[in-house]
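Subject: Handover of a structure and notes on its contents

Dear colleague,

Please find below the structure that I am passing to you. My notes on it follow directly after.

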Amino acid sequence: MRRIAAMFDRLSSLVIALTLVAIAAIFATLSGGDPLSIAIMALAGFIAAATVYSALPAPLPDAKDNAAQPTVAPMPSLLRHPDFAHWVDQEKEPLLGIADNIVTIANDAAIRLLGRHIVGADVRTAIRHPAATDRLSRIDDGTPFEMVNLVDFPRPGARWTMRIAALSGREYIVFLSDRSEIDAADRMRSDFVANASHELRTPLAAILGYVETLQDMNGETDGPTRSRFLSIIHREAGRMQQLVIDLLSISRVEADRFRRPTTPVDLTAIVGTTITQLRDSEQARAKDIVAKLGDEPQPMLGDEAQLGQLAHNIISNAMKYGHAGTPVTVELAREGRRVRLSVSDEGDGIAPDHLPRLTERFYRVDEARSRSVGGTGLGLAIVKHIGERHQGQLDIASEVGKGTQVSVTFPLRSDG
C-alpha cells in the first residue's frame with residue numbers, strides 16, 4: 001500500500017507540472033509572443049516539472065521485503081552492565097569477569113588475592129597456577145566446565161578451586177573459592193581418628209597379650225608374676241578408660257564451643273573444690289599442691305563442670321610433670337576486669353619449639369614419659385577448647401630446667 005501511494009504522488013506531481021507548462025504556452029500564444037519566447041517558456045516549464053518530480057521522496061520499501069531481511073541487534077554485554085558490577089562488589093569470594101581472555105572486571109576479594117594489576121591483563125597470567133593456565137587456554141574448545149583444584153595456591157599448603165561460567169559471546173565469569181580451612185579440618189578429623197585408634201590399640205594389645213600369657217600358663221605361674229601381669233593389665237585398662245573419658249570430653253566441649261555460657265559461677269569456689277578433690281585422691285603428689293586463691297569471689301559466666309575439668313587438667317599436668325617434692329602452685333589473681341588462673345610447677349621445663357604445639361590433640365613432648373605417667377595427650381586440647389568457649393586466653397610459659405606455668409585469663413561478670 002505504501003508503494004502504490006508513493007507512485008500516485010509522483011504521477012500527480014508530473015500531471016500538475018505538465019498542466020502548468022501547457023497553460024504557460026497558451027498564455028504566451030494569446031499574448032502574441034514570438035516563437036522564441038514560447039519555446040523559452042516551454043523549456044522553463046519542463047525544467048520546473050523535472051525539478052518537482054526529482055524532489056519527491058523515494059517510495060518506501062515493501063514491508064514484506066523488510067521481513068525477509070531482518071536487522072539483528074548486537075547482544076548487550078553483561079560484564080558492562082552496572083547491576084552486574086554492583087553484584088560483583090558484594091561477593092566475598094574472588095570473582096573475575098573476562099572477555100576474550102582479558103580480565104574486564106574484578107571484585108575486591110580478587111584484587112586482594114591476585115593484585116590490582118589483573119584488570120586489563122590476560123587471565124592466564126593473572127591466575128598463576130599451571131592447572132588454571134591449562135584450563136583457561138582451552139576455554140573456547142567446547143569442553144564442559146568442571147571444578148579445577150589449585151593445589152599450593154597462592155602459597156604452599158593452601159588449596160583453592162576455580163569454576164568457570166559461560167555468558168554470551170566470548171565472555172565468562174571465573175569463581176575462586178578458598179578450600180584451605182575445609183581441607184585442614186578434614187585432615188584434622190582423619191588424624192584424630194587415626195591417633196585415637198592408635199592410642200586405644202596400644203593398651204588393648206598389651207591387655208590381650210598378658211591375658212593370653214596367663215591363660216597359657218594354666219595356673220602354673222607363681223604369685224609374684226601373676227600379680228605383676230595383673231597390675232600391668234589394670235594399668236593399661238585404666239589408660240584406655242581415661243582415653244575414652246577424654247575423647248568424650250573433647251567431643252562434648254567441641255559441640256558446645258559456639259554456645260556462650262550464661263550461668264553465673266564463682267571461679268574461686270570451682271578451683272577450690274577441684275584442689276580439695278585432688279588432695280583427697282590417691283595421687284602421690286597430692287600434698288604438693290599450694291593454693292593461693294584468696295578469699296575474694298571471682299564471679300563470671302560459665303559452665304561449672306567444664307571449668308572444674310579445666311582446672312583439674314592443668315593441675316594434674318603440673319603434678320605429673322613436675323619434680324616430686326616440689327610445689328605445684330595454684331593462684332587466682334585479678335587483672336582489671338579479668339581474672340587469671342595460673343598453675344606453676346618446678347619440672348624439667350619445655351623447649352620453646354614445642355610450646356606452640358602443646359594444645360594439639362595427642363601431641364607429646366616426650367611420648368615415653370607421657371605414657372609412663374598416664375597422659376593421653378588430650379588434656380591441654382580440652383583446656384584450650386573450654387577456654388575458648390568461656391572467652392578465655394590461654395598462655396603457656398616454660399624454661400628448660402626450671403619449670404612451666406600454664407595460665408588462663410577469663411573475663412569477669414559485669415555488675416549488670
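Is Asp-295 buried or exposed? Asp-295 is exposed, with a relative accessible area of 82%; here buried means under 20% relative accessible area, exposed over 50%, and partly exposed in between (1.4 Å probe, protein chains only). The residue lies in the loop between strand 7 (289–292) and strand 8 (299–301), where helices (H or I, at least four residues) and strands (E, at least two) are DSSP runs numbered from the N terminus.

The model is a predicted one, in which local features need pLDDT of at least 70 and side-chain atom pairs count only at pLDDT 80 or more, while totals for chains, interfaces and linings use all residues. Residues are numbered from 1 along each chain as its sequence is written, and side-chain values use heavy atoms, with hydrogens and water left out.

**Nonpolar cores**

The largest nonpolar core has 42 residues, of which Leu-267, Val-271, Leu-310, Ile-315, Val-330 and Phe-410 touch the most other members. Such a core is a set of buried Ala, Val, Leu, Ile, Met, Phe, Trp, Tyr and Cys residues joined through side-chain atoms within 4.5 Å. Helix 11 gives this core its largest share, 7 residues. Leaving aside neighbours within four places in sequence, Phe-410 is in contact (heavy atoms within 4.5 Å) with residues including Leu-267, Leu-307, Leu-310 and Gly-387. Another core, of 23 residues, lies apart from the largest one and includes Leu-96 and Ile-164. In soluble globular proteins, nonpolar side chains tend to be buried together.

**Salt bridges**

The count comes to 15 salt bridges, each being a side-chain nitrogen of Lys or Arg within 4 Å of a carboxyl oxygen of Asp or Glu. Arg-389 forms one with Asp-303, their closest N and O atoms being 3.3 Å apart. This pair links distant parts of the chain, with Arg-389 in helix 13 and Asp-303 in the loop between strand 8 and helix 11, 86 residues apart. Arg-389 is buried at 7% relative accessible area, whereas Asp-303 counts as partly exposed at 26%.

Glu-236 and Arg-239 also meet in a salt bridge (3.2 Å, N to O). Both lie in helix 9, 3 residues apart, about one turn of the helix. Glu-236 is buried at 8% relative accessible area, and Arg-239 counts as buried at 14%.

Yours sincerely
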